[in-house]
Amino acid sequence: MLKFIRPKLLFTIFISLLIFLYISNVKLQKVSAQFISSPEVNALDDSLNKPSVSSFIKSGFNYSQQLYGEPRIAVKKVNLRLHTSPLASLDNANQGEFTIYLSRKPSEYAFHGQLSHEIFHLLNAQLLDCYVEGMATVFAEKILTRNNLDWSGWETYFQKGSEPFYSLTYSMMKEVSETAGSANMSRLLDFAVNNKANKKWMYIDIDGWLSSMSDYVKIEVEKVINKYIYQVKPVVGSKNNMYTCLAPGKN
């Protein structure tokens with residue numbers, strides 16, 4: 001009798017464990033699905049109305065959330081149109097509507113780099129900050145290489161000192177990312193604060209972010225920032241006087 005019960009009991013336990021694991025996995029998948037959202041993409045220019053472009057935006061935006069967390073404002077719709085200069089704008093916070101403007105078409109080399117940079121800005125389109133600009137370009141490199149698209153042209157472009165604002169902020173934040181590590185970088189946007197001069201815009205509380213790290217990492221990251229920041233600050237005004245670029249300890 002005991003010989004019969006033991007295998008039966010073990011079998012019951014085994015089946016119960018399988019059911020538990022299955023239910024847990026389903027719950028985890030639901031949580032993940034809620035976290036990773038795919039916005040509607042609406043191309044306002046014929047040259048941008050391509051399934052491959054829409055798919056790139058959706059997968060890129062999902063990837064940005066995996067790396068840096070949920071957007072400050074839920075992104076439900078992304079308009080896409082051509083313009084003289086690239087940027088991402090918040091059109092309607094209540095409806096979660098944004099517009100990405102690009103100066104290049106899908107047939108041009110710079111298109112995917114521009115688009116990737118602006119996809120990052122969907123996480124918080126109100127941030128006008130030198131650290132965030134650098135991170136948007138670092139993200140562009142990540143997503144291009146992840147999709148087997150060429151980044152070398154951009155690398156050469158920045159090495160030549162073309163557009164110093166972007167080349168310097170990119171170099172700074174690439175080294176900051178390597179020094180701080182992915183966990184610390186995933187929290188960077190959590191330290192966005194309102195610009196006192198104009199509450200429409202925000203910037204990164206760099207001291208607050210540094211203080212969230214271990215003492216050793218904080219010291220090393222601060223060294224990297226200080227190596228670049230006084231080169232970056234003079235070129236910030238050449239891009240937009242609304243950009244904030246605070247050195248550590250200067251808040």
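Good morning, everyone. Please keep in mind throughout that what we are looking at is a predicted model. In outline, the secondary structure of the protein comes to 9 helices and 6 strands, and of its 251 residues, 41% are buried. If we take the contacts with a separation of 6 or more, 61% of them involve residues 24 or more positions apart. As one example of positions separated along the chain, take Asn62, which lies in helix 2, residues 51–68, and Ile119, which is 57 residues away in sequence: their C-alpha atoms are 9.7 Å apart. Asn62 has a relative accessible area of 15%, and because buried means under 20%, Asn62 counts as buried.

Let me turn to helix 9, which runs over residues 215–239. Its 25 residues reach 34 Å from the first C-alpha to the last, which is close to the 36 Å expected at 1.5 Å a residue. Where does helix 9 bend? The bend is at Ile229, and it amounts to about 45 degrees. Ile229 is also one of the buried residues of this helix, and the others are Val217, Val221, Val224, Ile225, Tyr228, Val232, Val235 and Val236. What covers the buried residues of helix 9? The cover includes helix 4 (130–146), helix 6 (164–180), helix 7 (182–185) and helix 8 (206–211).

Now for the aromatic rings, of which the structure holds 13 pairs. One of these pairs is formed by Phe120 and Phe139, which are tilted, with 6.0 Å from centre to centre and 40 degrees between the planes. Phe120 belongs to helix 3, residues 111–121, while Phe139 belongs to helix 4, so the pair ties together parts that are 19 residues apart in sequence. Phe120 is buried, with a relative accessible area of 2%, and Phe139, at 0%, is buried as well.

A second tilted pair is made by Trp154 and Phe158, at 6.0 Å centre to centre and with 35 degrees between the planes. These two residues are 4 residues apart in helix 5, residues 152–159, which means that about one helical turn separates them. Trp154 and Phe158 are both buried, and they also belong to a cluster, in which ring pairs link them with Trp151, Tyr157 and Tyr170. A ring can have a charged side chain over its face too: Arg146 lies over the face of Tyr63, at 3.9 Å from the ring centre.

Finally, let us come to the disulfide. How many disulfides does a search of the whole structure find? It finds 1, formed by Cys130 and Cys245, whose sulfur atoms are 2.3 Å apart. This pair links distant parts of the chain, since Cys130 is in helix 4 and Cys245 is in the segment after helix 9, 115 residues apart. The torsion about the S-S bond is about 80 degrees, so the disulfide of Cys130 and Cys245 is right-handed. Cys130 is buried, at 0% relative accessibility, and Cys245 is buried too, with a relative accessible area of 7%.

Key:
Residues are numbered from 1 along each chain as its sequence is written. This is a predicted model: local features need pLDDT of at least 70, side-chain atom pairs count only at pLDDT 80 or more; totals for chains, interfaces and linings use all residues. Side-chain values use heavy atoms; hydrogens and water are left out. The expected span of a helix is 1.5 Å times one less than its number of residues. The bend at a residue is the angle between axes fitted to the seven residues ending there and the seven starting there. Buried means under 20% relative accessible area, exposed over 50%, partly exposed in between (1.4 Å probe, protein chains only). Contact means heavy atoms within 4.5 Å. Rings of Phe, Tyr and Trp (its six-membered ring) pair if their centres lie within 6.5 Å; planes under 30 degrees apart count as stacked, over 60 as edge-to-face and the rest as tilted. A charge sits over a ring if NZ of Lys or CZ of Arg is within 6 Å of the ring centre and within 35 degrees of the ring normal. A disulfide is a pair of cysteine sulfur atoms within 2.5 Å.
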